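Work through the following exercises with the structure at hand. Each task is followed by a solution in steps.

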Amino acid sequence: PIVWYKFDDANNLGLDSSGNDKHLTLGNGSTATTYPSFSTNRIKGLGSASFDGGDYMEVANDGYFSPNIFSVSLWAKAGTGNTWQTIAQCRDTSTDANDMTGWSIYVNGAEHLELWLHEGANFNGVNTNQYLNFGAATPVWHHIVCTANKSPASAATDINLYVDGTKAYTNTFNYKPCTNKVLRIGRNIEATNFPFNNGGGVDDFR
């Protein structure tokens, strides 16, 4: 993998175990009182990353995190409260609508998992409410895998979303890769929007 965040080291939570040295930096926003923390409530290994409603983790995007062809795999557990929550994203939400690029994975206000691809002027979204009650009403760990394969000749991109080992959605959307924004876990790129609520967690991110 390009990155492998196990979240197993309490003293170096953002360590990249892939060997590519793309370590996460821990951050907090104006509404957060702490940084992401080590938790023994985990799925794999020794621990996971726990969020408190405003903190996040990020790494600079050197072109690997939102290319034409990519996959994202992780375990996630929603935080408390039925509000929009960001699990992970690499996207640009420029004030110029034609510059919206990249991808996002959310839990929405109805406590359902969503995957969004951005392609300049539009958002192309997948709401998996017909497949999974993801949110705080049932705060358990779920395994999420999304894949994207963009045609080199156009914006058309084949996407697949898997939840807990089952294909939940497949479609073709337009998509524009993001090359100028960070990969962020636990909070929207806009620093005050859609934080991963108290109790939210991520484990084994690749």
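**Exercise 1: a salt bridge and its network**

Arginine 206 and aspartate 204 form a salt bridge, with 3.4 Å between the closest N and O atoms; a salt bridge is a side-chain nitrogen of Lys or Arg within 4 Å of a carboxyl oxygen of Asp or Glu. The model is predicted: local features need pLDDT of at least 70 and side-chain atom pairs count only at pLDDT 80 or more, while totals for chains, interfaces and linings use all residues. Residues are numbered from 1 along each chain as its sequence is written, and side-chain values use heavy atoms, with hydrogens and water left out.

Task: state whether arginine 206 and aspartate 204 are buried, partly exposed or exposed, and find the network they belong to.

Solution.
1. Buried means under 20% relative accessible area, exposed over 50%, and partly exposed in between (1.4 Å probe, protein chains only).
2. Arginine 206 has a relative accessible area of 31%, so this residue is partly exposed.
3. Aspartate 204 has 6%, so this residue is buried.
4. Salt bridges link Lys44, Asp204 and Arg206 in a network.

**Exercise 2: a bridge between strands**

Task: locate the partners of the salt bridge between glutamate 58 and arginine 184.

Solution.
1. The N to O distance of this bridge is 2.6 Å.
2. Glutamate 58 belongs to strand S4 and arginine 184 to strand S13 (residues 183-185), so the bridge ties together parts 126 residues apart in sequence. Strands (E, at least two residues) are DSSP runs, numbered from the N terminus.
3. Glutamate 58 and arginine 184 are both buried.
4. The charged end of arginine 184 also sits over the ring of tyrosine 56, 4.0 Å from its centre. The rule for this asks for NZ of Lys or CZ of Arg within 6 Å of the ring centre and within 35 degrees of the ring normal.

**Exercise 3: an aromatic pair**

Task: classify the ring pair of tyrosine 5 and phenylalanine 205.

Solution.
1. Rings of Phe, Tyr and Trp (its six-membered ring) pair if their centres lie within 6.5 Å; planes under 30 degrees apart count as stacked, over 60 as edge-to-face and the rest as tilted.
2. The count by this rule is six aromatic pairs.
3. For tyrosine 5 and phenylalanine 205 the centres are 6.0 Å apart and the planes make 40°, a tilted pair.
4. Tyrosine 5 is in the segment before S1 and phenylalanine 205 in the segment after strand S14 (201-203), so the pair joins parts 200 residues apart in sequence.
5. Ring pairs link Tyr5, Phe7 and Phe205 into a cluster.

Terms used: Helix = DSSP H or I, 4+ residues; strand = E, 2+ residues; numbered from the N terminus.
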